Number of protein chains: 2
Amino acid sequence: MSQLNKKTTIKDVAAKAGVSVTTVSQILNHKGARFPAATHKQVRQAVADLGYVANFSARNTRLTVRRRTIGVLVPQIQNPFFANLFRGIQDYLYDQAADTFLVSTDGDNVKAQQYMKQLIHRSVDGFIIASQLDGQDPLLKKLRRLRIPYVLLDQNEGDQAGDQIIVNERQGGQLVAAHLAAVKQGPIILVVPRQQSANIHLRIAAVKAELARRQVEIAAIYQTSALEKSAGALTGRQIMQDFATAPHLTIWAVADEVALGIIKAVRQARKQIPENVKLMGYDDTDYADYLNLTTIHQPVVTIGREAAALLQARLADPVRPRQVIVKPVTLVRRDSTSDD
Amino acid sequence: MSQLNKKTTIKDVAAKAGVSVTTVSQILNHKGARFPAATHKQVRQAVADLGYVANFSARNTRLTVRRRTIGVLVPQIQNPFFANLFRGIQDYLYDQAADTFLVSTDGDNVKAQQYMKQLIHRSVDGFIIASQLDGQDPLLKKLRRLRIPYVLLDQNEGDQAGDQIIVNERQGGQLVAAHLAAVKQGPIILVVPRQQSANIHLRIAAVKAELARRQVEIAAIYQTSALEKSAGALTGRQIMQDFATAPHLTIWAVADEVALGIIKAVRQARKQIPENVKLMGYDDTDYADYLNLTTIHQPVVTIGREAAALLQARLADPVRPRQVIVKPVTLVRRDSTSDD
DNA sequence: ATGAAAGCGCTAACAT
DNA sequence: ATGTTAGCGCTTTCAT
């Protein structure tokens, strides 16, 4: 059988085909027009027989136009929001001759740092970062120092260097507030994360401001430990306990995943949505439609595609003016806030 | 400012530090014990000043132990089942000095083929394949020809070459049937995919066999076009229409995502789960718990980790005997099949 | 303690 | 139509 380790090289192919390595290289790179069909055939045959694949690294040392490599950093790939973001990115890059290393940081910052370091060592051409990072984050500082371009998603401040795609959080917050005011039933409760990234902070501030403008009172604001279902369920249980005697409640959760946890808590408290509790989320995750959850739609697949496009443009022209794209959001009404 | 294109090389660093490239290389690769601290400092300083990162490809041409690269193929990263699988894989590989290219094939076989081709050209060391592929699939044939190792997930036959992790579908099917028999209320309906991969086929066959053994009748079997929420909803609507007059139904869906679509259809038909419809899924996706869906638990994160371990072992020893690991499943009872 | 030189597998310029 | 040679950026051997 075949040797255990030694990969077959272009030399082996050349020897087997009875030609020089140049001939093999040229033909395999579609620059062998001058060689007769017979030579092509011999070479192809030898390649097939030996199962030869050119060494990627060796090729790259000489090649001028290389296939690009992109690093993608998301906080949680299990969250369908980020899964769809990734789809959008892959969608675009697929046609653009680039491959993506995906890193799901899962709240582990040390891991994220180390992974990033690895990807940098891999000569990754650029990054798309959806994990919340402060502009002063050592990771971003490092990227800037190394002049590795990156596109930041959903972080409205703190970084003045990278291209960005942000969502109109002010508009989103206003839509939330207006809808809460319209469907309001019993006390209004907001569920927000303890740690607030810039964009989430803006979102919440906009909700508060618009409710205040409409003179609608907020009964309570609960802090949840993470933007995850389990954290939402915990907070939801607390709410149902604290407001056990209230026949009606109106709750807004900062993200659909959190709302999903609250749905569970409401059910466990043997209350009904929307009869007893009107619930609203944010993101319009794949699941919102199936859970009948009123929410704010973010065009996440599009955002992924545009982020990839932004990065690609930046790679092509490192000195083009910095771009910040703002995407609008829309309200999606579903039964979780309906009247009956 | 810095030049537009030219990356800084080890030569630039050497020049700036006033030493030879050898010295730089040695120090940067932690083989510079013999150099005095002063030299180290100069080199590090030059590296920092220039923002130097060693060219990955150039390094790799000489390096003996390289960081590994793994390709991961999943049908749909938005499905939390596969997102968690990926987490398991990344979890394990992270410590094992390997990085993963993720490809979500999204039912596009042409795209999958082309992506694979790219990854092969990238000298990917091995693949973990969760996309359903026939053993005769050209993709697998190619991998075998090129002697690139791969681990197949969840495909019980058709391939005798790669290591595999499979789930005990027979056991799963029996658990489903036993539970259906126990909670049965009205006609029993199965929802299965039109295209059945080997493992899904086994699962369904086991359900049928066990129901037959228990002399429990299946009222109808519906075929759904894909293992997706939207397909499930479509089929669910059809069921609710066909059985509009039945006060009670018992439905098993081949996957949680499909069950989720059915939940929506049931709700739209203004029926209640579990009062009117007892519903059961398969997979125990993150969402099943939040939707109160009775289902069969597959230890997916573990499967991901073990798949990665299997591949790593194979890379370390290409001639070790072929491994096939069978994982057990468990029934998870929730309210969607409860009594009241 | 340091560097010159060889060589990794490949592509490309330059003969022939 | 084909091969010889240089060189990519790096690591490693071997002198000094």
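Guide: The model is a predicted one. In a regular strand, side chains alternate between the two faces of the sheet. The strand spans residues 188-193 of chain B, and six of its six residues are buried. Buried here means under 20% relative accessible area, computed with the protein chains only.

The pairing of this strand comes next. Strand 6 of chain B runs parallel to strand 8 (residues 249-253) of chain B, and four bridges join the two. One position in this pairing puts V191(B) opposite A253(B) of strand 8 of chain B. Strand 6 of chain B is also joined by five bridges to strand 7 (residues 220-224) of chain B, again in parallel. In that pairing I189(B) stands opposite A220(B) of strand 7 of chain B.

Together with helix 9 (residues 198-213) of chain B, strands 6 and 7 of chain B form a β-α-β unit that is right-handed.

Elsewhere in chain B, a few backbone details sit in loops. S123(B) is not a glycine, yet its phi is positive, at about 60 degrees. S123(B) belongs to the loop that connects helix 6 (109-121) and strand 3 (126-129) of chain B. S123(B) counts as partly exposed because its relative accessibility is 24%. R147(B), likewise not a glycine, has a positive phi near 55 degrees. The loop that holds R147(B) lies between helix 7 (138-145) and strand 4 (150-153) of chain B. With a relative accessibility of 43%, R147(B) therefore counts as partly exposed.

A further loop contains a cis peptide bond. The bond from I273(B) to P274(B) is cis, with omega near 5 degrees, and P274(B) is in the loop between helix 11 (256-268) and strand 9 (277-280) of chain B. In chain A, the bond from I273(A) to P274(A) is cis with omega near 5 degrees. P274(A) is in the loop between helix 11 (256-268) and strand 9 (277-280) of chain A.

For chain A there is also a domain assignment, which gives domain 1 (3-62), domain 2 (69-167 + 300-328) and domain 3 (169-298 + 332-337). The centres of domain 1 and domain 2 of chain A, taken over C-alpha atoms, are 37 Å apart.

The remaining part is the DNA. DNA strand D is surrounded by 25 residues, and the closest are T22(A), R34(A), R62(A), I10(B) and T61(B). By class, this surface has eight nonpolar, 12 polar and five charged residues. Of the atoms of DNA strand D within 4 Å of the protein, 57% belong to sugar or phosphate, and the rest belong to bases.

Side chains from both protein chains reach the bases of DNA strand D. An N or O atom in the side chain of T61(B) is 2.6 Å from a base nitrogen, and a polar side-chain atom of R62(A) is 3.1 Å from a base nitrogen. An N or O atom in the side chain of R62(B) lies 3.3 Å from a base oxygen of DNA strand D. Helix 2 (21-28) and helix 4 (56-62), in chain A and in chain B, are the elements that give two or more residues to this surface. Helix 4 of chain B gives the most, with four residues.

DNA strand C has 24 residues around it, of which I10(A), T61(A), T22(B), R34(B) and R62(B) come nearest. Here helix 4 of chain A gives the most to the surface, again with four residues. Contacts with DNA strand C include the side chain of K31(A), with an N or O atom 2.9 Å from a phosphate oxygen. A polar backbone atom of N55(A) is 3.2 Å from a phosphate oxygen of DNA strand C, and a backbone N or O atom of A58(A) is 3.4 Å from a base nitrogen.

Methods. Residues are numbered from 1 along each chain as its sequence is written. Chains are lettered from A and ligands numbered from 1 in the order in which they are written. This is a predicted model: local features need pLDDT of at least 70, side-chain atom pairs count only at pLDDT 80 or more; totals for chains, interfaces and linings use all residues. Side-chain values use heavy atoms; hydrogens and water are left out. A residue is near a molecule or strand if one of its heavy atoms lies within 4 Å of it. A polar contact is a pair of N or O atoms within 3.5 Å; within protein, one must be able to donate a hydrogen and the other to accept it, and residues adjacent in sequence count only if both atoms are side-chain atoms. Ala, Val, Leu, Ile, Met, Phe, Trp, Tyr, Cys and Pro count as nonpolar, Asp, Glu, Lys and Arg as charged, and the others, Gly among them, as polar. Buried means under 20% relative accessible area, exposed over 50%, partly exposed in between (1.4 Å probe, protein chains only). Two strands pair if DSSP finds at least two bridges between them. A crossover is right-handed if, with the strands pointing away from the viewer, the path from the first strand over the helix to the second runs clockwise. Domain bounds come from an automatic or database domain assignment.
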